[in-house]
Amino acid sequence: MTSKATLLGTLRISSIGGAIGIALLVVPASAHKDPVSPNQLKAYQDAFMEEVRKGDLLFHGDQATADALGVGEDLSKTGMACAMCHPMASDTHPQSFPKFQAQMAQFATLRDMINWCIEKPNQGVKIDPESEAMKALEAYITWSNTGSVLQPGKY
Ligand code: HEC
(Lines give C-alpha, C1' and ligand atoms only; values in the text may rest on other atoms or scores of the structure.)
Protein backbone atom coordinates (compact mmCIF):
# COMPACT_ATOMS: atom_id res chain seq x y z
CA MET A 1 0.00 0.00 0.00
CA THR A 2 1.38 3.44 -0.93
CA SER A 3 1.53 5.68 2.09
CA LYS A 4 0.46 9.31 1.85
CA ALA A 5 3.99 10.41 2.74
CA THR A 6 5.52 8.46 -0.13
CA LEU A 7 2.96 9.84 -2.56
CA LEU A 8 3.63 13.41 -1.42
CA GLY A 9 7.35 12.76 -1.64
CA THR A 10 6.96 11.54 -5.20
CA LEU A 11 4.86 14.58 -6.11
CA ARG A 12 7.43 16.88 -4.56
CA ILE A 13 10.28 15.28 -6.48
CA SER A 14 8.37 15.44 -9.75
CA SER A 15 7.45 19.08 -9.16
CA ILE A 16 11.11 19.89 -8.49
CA GLY A 17 11.92 18.08 -11.73
CA GLY A 18 9.24 20.11 -13.45
CA ALA A 19 10.60 23.35 -12.04
CA ILE A 20 14.08 22.51 -13.28
CA GLY A 21 12.60 21.63 -16.66
CA ILE A 22 10.78 24.96 -16.84
CA ALA A 23 13.89 26.83 -15.70
CA LEU A 24 15.83 25.19 -18.53
CA LEU A 25 13.12 26.16 -20.99
CA VAL A 26 13.00 29.81 -19.98
CA VAL A 27 16.77 30.36 -20.10
CA PRO A 28 17.00 32.58 -23.19
CA ALA A 29 18.50 30.82 -26.17
CA SER A 30 21.04 33.44 -27.07
CA ALA A 31 22.13 33.17 -30.66
CA HIS A 32 23.81 36.55 -30.26
CA LYS A 33 25.69 36.29 -27.01
CA ASP A 34 28.34 38.91 -27.59
CA PRO A 35 27.33 42.52 -27.98
CA VAL A 36 28.11 43.95 -31.39
CA SER A 37 30.15 47.12 -31.60
CA PRO A 38 29.03 49.94 -33.92
CA ASN A 39 32.01 49.16 -36.16
CA GLN A 40 31.09 45.49 -36.40
CA LEU A 41 27.47 46.37 -37.05
CA LYS A 42 28.49 48.64 -39.89
CA ALA A 43 30.70 45.90 -41.37
CA TYR A 44 27.80 43.39 -41.19
CA GLN A 45 25.40 45.85 -42.81
CA ASP A 46 27.93 46.72 -45.49
CA ALA A 47 28.35 43.00 -46.26
CA PHE A 48 24.57 42.68 -46.66
CA MET A 49 24.27 45.76 -48.86
CA GLU A 50 27.17 44.55 -51.00
CA GLU A 51 25.16 41.38 -51.75
CA VAL A 52 22.07 43.48 -52.48
CA ARG A 53 24.11 45.62 -54.87
CA LYS A 54 25.41 42.56 -56.75
CA GLY A 55 21.92 41.07 -56.85
CA ASP A 56 20.53 44.35 -58.18
CA LEU A 57 23.08 44.28 -61.02
CA LEU A 58 22.32 40.62 -61.83
CA PHE A 59 18.58 41.29 -61.69
CA HIS A 60 19.01 44.11 -64.18
CA GLY A 61 21.06 42.00 -66.58
CA ASP A 62 24.53 43.41 -65.94
CA GLN A 63 26.72 41.05 -67.97
CA ALA A 64 30.01 42.02 -66.28
CA THR A 65 28.63 41.09 -62.84
CA ALA A 66 27.15 37.84 -64.16
CA ASP A 67 30.50 36.96 -65.75
CA ALA A 68 32.40 37.84 -62.58
CA LEU A 69 30.15 35.52 -60.58
CA GLY A 70 30.49 32.71 -63.12
CA VAL A 71 26.87 32.75 -64.33
CA GLY A 72 27.32 34.91 -67.43
CA GLU A 73 26.19 32.11 -69.74
CA ASP A 74 23.40 30.85 -67.49
CA LEU A 75 21.01 33.53 -66.29
CA SER A 76 19.25 34.24 -69.57
CA LYS A 77 19.34 33.11 -73.18
CA THR A 78 16.56 35.40 -74.36
CA GLY A 79 18.23 38.73 -73.65
CA MET A 80 15.54 39.36 -71.04
CA ALA A 81 16.68 40.43 -67.59
CA CYS A 82 14.66 39.63 -64.47
CA ALA A 83 13.75 43.30 -64.06
CA MET A 84 12.03 43.39 -67.47
CA CYS A 85 9.27 41.19 -66.10
CA HIS A 86 9.67 42.14 -62.44
CA PRO A 87 10.34 45.89 -62.35
CA MET A 88 11.60 46.86 -58.88
CA ALA A 89 11.38 43.14 -58.01
CA SER A 90 7.59 43.37 -58.27
CA ASP A 91 5.59 40.15 -58.01
CA THR A 92 8.48 38.29 -56.45
CA HIS A 93 6.92 37.78 -52.98
CA PRO A 94 9.91 36.31 -51.09
CA GLN A 95 7.81 36.58 -47.94
CA SER A 96 5.48 33.85 -49.19
CA PHE A 97 8.16 31.14 -49.53
CA PRO A 98 8.48 28.28 -48.99
CA LYS A 99 5.18 27.34 -50.57
CA PHE A 100 3.52 25.00 -53.01
CA GLN A 101 4.28 26.40 -56.44
CA ALA A 102 1.81 25.28 -59.11
CA GLN A 103 4.16 25.82 -62.11
CA MET A 104 6.59 23.32 -60.62
CA ALA A 105 3.92 21.17 -59.03
CA GLN A 106 6.10 21.04 -55.92
CA PHE A 107 6.80 22.65 -52.59
CA ALA A 108 9.36 25.29 -53.47
CA THR A 109 11.84 27.67 -51.88
CA LEU A 110 12.59 31.14 -53.22
CA ARG A 111 15.79 29.71 -54.72
CA ASP A 112 13.79 27.00 -56.54
CA MET A 113 11.58 29.76 -57.93
CA ILE A 114 14.53 31.86 -59.07
CA ASN A 115 15.90 28.80 -60.87
CA TRP A 116 12.47 28.17 -62.43
CA CYS A 117 12.54 31.69 -63.87
CA ILE A 118 16.08 31.18 -65.13
CA GLU A 119 15.09 27.92 -66.84
CA LYS A 120 11.61 28.77 -68.14
CA PRO A 121 11.00 32.43 -69.05
CA ASN A 122 14.73 33.12 -69.41
CA GLN A 123 15.52 29.78 -71.12
CA GLY A 124 18.82 29.77 -69.25
CA VAL A 125 20.61 27.15 -67.19
CA LYS A 126 19.80 26.56 -63.51
CA ILE A 127 22.47 27.96 -61.19
CA ASP A 128 23.86 26.34 -58.04
CA PRO A 129 21.40 27.17 -55.23
CA GLU A 130 24.38 27.80 -52.92
CA SER A 131 26.23 30.02 -55.37
CA GLU A 132 27.27 33.60 -54.79
CA ALA A 133 24.97 34.70 -57.63
CA MET A 134 21.95 32.96 -56.07
CA LYS A 135 22.62 34.51 -52.66
CA ALA A 136 22.96 37.94 -54.26
CA LEU A 137 19.66 37.55 -56.17
CA GLU A 138 17.98 36.38 -52.97
CA ALA A 139 19.44 39.35 -51.06
CA TYR A 140 18.21 41.85 -53.66
CA ILE A 141 14.73 40.31 -53.89
CA THR A 142 14.23 40.10 -50.12
CA TRP A 143 15.68 43.59 -49.54
CA SER A 144 13.31 44.97 -52.20
CA ASN A 145 10.40 43.55 -50.24
CA THR A 146 11.54 44.94 -46.87
CA GLY A 147 8.63 45.48 -44.54
CA SER A 148 6.45 42.78 -46.08
CA VAL A 149 4.74 40.54 -43.58
CA LEU A 150 5.97 36.94 -43.57
CA GLN A 151 3.23 34.73 -44.95
CA PRO A 152 4.97 31.41 -45.66
CA GLY A 153 2.88 29.07 -47.74
CA LYS A 154 0.61 31.85 -49.08
CA TYR A 155 -0.31 31.09 -52.64
C1 HEC B 1 9.68 36.81 -69.33
C2 HEC B 1 9.23 37.23 -68.02
C3 HEC B 1 10.05 36.83 -66.81
C4 HEC B 1 11.40 37.00 -66.60
C5 HEC B 1 12.43 37.57 -67.55
C6 HEC B 1 11.65 36.56 -65.23
N7 HEC B 1 10.49 36.14 -64.65
FE8 HEC B 1 10.27 35.65 -62.70
N9 HEC B 1 8.32 35.19 -63.06
C10 HEC B 1 7.70 35.26 -64.29
C11 HEC B 1 6.43 34.59 -64.22
C12 HEC B 1 5.42 34.44 -65.36
C13 HEC B 1 6.31 34.13 -62.90
C14 HEC B 1 5.19 33.31 -62.28
C15 HEC B 1 4.22 34.16 -61.59
C16 HEC B 1 3.42 33.33 -60.64
O17 HEC B 1 2.54 32.63 -61.06
O18 HEC B 1 3.74 33.36 -59.45
C19 HEC B 1 7.50 34.54 -62.19
C20 HEC B 1 7.73 34.35 -60.85
C21 HEC B 1 8.88 34.71 -60.17
C22 HEC B 1 9.08 34.59 -58.75
C23 HEC B 1 8.08 34.06 -57.73
C24 HEC B 1 6.86 34.90 -57.62
C25 HEC B 1 5.93 34.30 -56.59
O26 HEC B 1 5.33 35.05 -55.85
O27 HEC B 1 5.79 33.07 -56.55
C28 HEC B 1 10.36 34.98 -58.50
C29 HEC B 1 11.04 35.03 -57.15
C30 HEC B 1 10.95 35.36 -59.75
N31 HEC B 1 10.02 35.20 -60.73
C32 HEC B 1 12.25 35.78 -59.91
C33 HEC B 1 12.82 36.01 -61.15
C34 HEC B 1 14.25 36.21 -61.34
C35 HEC B 1 15.30 36.21 -60.25
C36 HEC B 1 14.42 36.40 -62.67
C37 HEC B 1 15.72 36.58 -63.41
C38 HEC B 1 16.70 35.52 -63.30
C39 HEC B 1 13.12 36.33 -63.31
N40 HEC B 1 12.18 36.07 -62.35
C41 HEC B 1 12.90 36.55 -64.65
C42 HEC B 1 8.19 35.89 -65.39
C43 HEC B 1 9.50 36.26 -65.58
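**Helices, core and ligand shell**

Guide: The axes of helix H2 (residues 38–59) and H6 come within 7 Å and cross at roughly 95 degrees. Here, helices are DSSP runs of H or I, at least four residues, numbered from the N terminus. Axes are lines fitted to C-alpha atoms over the stretch in contact, with angles from 0 to 180 degrees between N-to-C directions. Residues are numbered from 1 along each chain as its sequence is written. Keep in mind that the model is predicted: local features need pLDDT of at least 70, side-chain atom pairs count only at pLDDT 80 or more, and totals for chains, interfaces and linings use all residues.

Visitor: Why are H2 and H6 called roughly perpendicular?

Guide: Roughly perpendicular covers 65 to 115 degrees. The crossing of H2 and H6 is roughly 95 degrees, so the pair gets that label.

Visitor: What makes the contact on each side?

Guide: Contact requires C-beta atoms, placed from the backbone, within 7 Å. H2 brings Phe-48, Glu-51, Val-52, Lys-54, Gly-55, Asp-56, Leu-58 and Phe-59, while H6 brings Ala-133, Lys-135, Ala-136, Leu-137, Ala-139, Tyr-140 and Trp-143. By class, that's 10 nonpolar, 1 polar and 4 charged. Nonpolar takes in Ala, Val, Leu, Ile, Met, Phe, Trp, Tyr, Cys and Pro; charged is Asp, Glu, Lys and Arg; the others, Gly among them, are polar.

Visitor: And H5 with H6: why that label for their crossing?

Guide: The axes of H5 and H6 come within 11 Å and cross at roughly 105 degrees, so these two are roughly perpendicular as well. Leu-110, Arg-111 and Ile-114 of H5 meet Met-134, Leu-137, Glu-138 and Ile-141 of H6. Those residues divide into 5 nonpolar, no polar and 2 charged.

Visitor: What makes up the largest nonpolar core?

Guide: A core joins buried Ala, Val, Leu, Ile, Met, Phe, Trp, Tyr and Cys residues through C-beta atoms within 7 Å, where buried means 20 or more other C-beta atoms within 10 Å. The largest one has 21 residues, with Leu-58, Ala-133, Leu-137 and Tyr-140 making the most contacts inside it. H2, H5 and H6 each give two or more residues, and H6 has the largest share, 7 residues. Beyond its neighbours within four places in sequence, Leu-137 touches Gly-55, Leu-58, Phe-59 and Ile-114.

Visitor: How many residues surround the ligand, and which are the closest?

Guide: There are 19, and the closest are Cys-82, Cys-85, His-93, Cys-117 and Pro-121. The test is a C-beta atom, placed from the backbone, within 6 Å of the molecule. Helices H4 (82–85), H5 (110–119) and H6 (132–144) give two or more residues each, with H5 giving the most, 5 residues. The shell has 13 nonpolar, 5 polar and 1 charged residues.

Methods: Parallel < 35°, antiparallel > 145°, perpendicular 65-115°, else oblique. Contact = placed C-beta atoms within 7 Å. Buried ≥ 20, exposed ≤ 12 C-beta atoms within 10 Å, placed from the backbone.
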